[in-house]
Amino acid sequence: MVSIDDVKKAQRELKGIIRQTPVLTSALLNEKSGNRIYLKSEHLQKTGSFKVRGAANAVIDAVRKGANYVTAASSGNHGQAVAYIAAELGIHATIVVPEDVNRAKVEAIKAYKGEVVYCGTTSAERIPRAIQIAEENTGFYVPPYDHPDVIAGQGTVGLELIDQVPEADIIVVPVGGGGLLAGILTAVKAAKPHIRVIAAEPEMANDTYLSINNNKITAIHGTTTIADGLRTSQPGNLTFPILQKHLDGIVLVSEDEIKRAFQFMLERTKQLIEPSSAVAIAAIFSGKLETADKNIVAVLSGGNVDLHQVKNFLTESSTV
Ligand SMILES: *Cc1c(COP(=O)(O)O)cnc(C)c1O
């Protein structure tokens, strides 16, 4: 299992490569939730999401072991992160994307000098292709969450925030494959075990919720939640045992709750975050944490939004 020492090592490796993101506050957010809310702002991270932490930590290690070619199977934040870090380190990145990918995502990968390869429409087609391209080039395939270096890299978010918000009582983390959550749990539960760490997940993509309840990895099929960073079908083989060991709870939120949180954040706090990040705010607004007067950190995991999509993330419901 990944240890806090792995996370501390990742923090040293990432120095000068990633940004220590700010923690923002909002009086309006405090008032609305009845708690003190701290926003760990990974939407302001390089490449627009925390994914660059895990990708960079894994790629740095692979390069040290001789790789000069990396691949990934993601048109989203992970693909951008791998392309970015490869360019920074001066090595080649091939990013395998679905044939129906939108142009903005391809442009973002190309802007980071990644080579784009189109393959199928499902991750079941893309992942083997990305692994194969890596093998053909004696390169390294960078998994999005289920790798010790990726988990350790994401855990640096946890190390930073226990420094930045020493008074934290609760940390709320959006969960997809669980790399971010497992990393944060590893750091926080070793350094400050009294802090409660809660996962936030869409009702429509409740694979982690089901897996925790069933005590075994349980898959869902074909979700269309607007929180596209959380559409992973199941938790990882490495991430899940860490969640099982340490996680204090999971809050599920509806699509309308995600939209209300997204709209509130944009309109009231002026922060453009992804629906995947809004899930953490939605969990706090849901009242399901049953807290008052606590110091709650919400991890805003990313801010990459196709602006043409924004109208689909808005709601008729009142947000205040
Ligand atoms: C990938 C991603 C997540 C989920 O992270 P996991 O490590 O897969 O749980 C959450 N938010 C954003 C913005 C992401 O890109």
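This is a predicted model: local features need pLDDT of at least 70, side-chain atom pairs count only at pLDDT 80 or more; totals for chains, interfaces and linings use all residues.
Residues are numbered from 1 along each chain as its sequence is written, and side-chain values use heavy atoms, with hydrogens and water left out. Local features need pLDDT of at least 70 and side-chain atom pairs pLDDT 80 or more, while totals for chains, interfaces and linings use all residues.

The protein is divided into domain 1 (4-49 + 147-313) and domain 2 (51-141), with bounds from an automatic or database domain assignment. Their C-alpha centres lie 23 Å apart. Domain 1 gives 27 residues and domain 2 gives 19 residues to the contact (heavy atoms within 4.5 Å).

The second largest pocket has a volume of about 170 Å³. Its lining includes Gln11, Arg12, Arg53, Thr156 and Glu160. Helix H1 (4-14) and helix H7 (148-164) each supply at least two lining residues, and H1 gives the most, with three. A pocket is an open set of points on a 1 Å grid over the protein atoms alone, where a 1.4 Å probe fits, with protein on both sides within 12 Å along at least five of seven lines; lining residues have an atom within 4 Å of a point. The volume is the space filled by probe spheres set on the points, joined across faces, edges and corners. Helices are DSSP runs (H or I, at least four residues) numbered from the N terminus.

Lys189 is in helix H8 (residues 179-191). Lys189 counts as buried because its relative accessible area is 14% (the cut-off is under 20%, with a 1.4 Å probe and protein chains only). A polar atom of its side chain lies 3.5 Å from the backbone oxygen of Pro193. Beyond neighbours within four places in sequence, Lys189 contacts residues including Ile195, His246 and Asp248.

How values were computed: Buried means under 20% relative accessible area, exposed over 50%, partly exposed in between (1.4 Å probe, protein chains only). A polar contact is a pair of N or O atoms within 3.5 Å; within protein, one must be able to donate a hydrogen and the other to accept it, and residues adjacent in sequence count only if both atoms are side-chain atoms.
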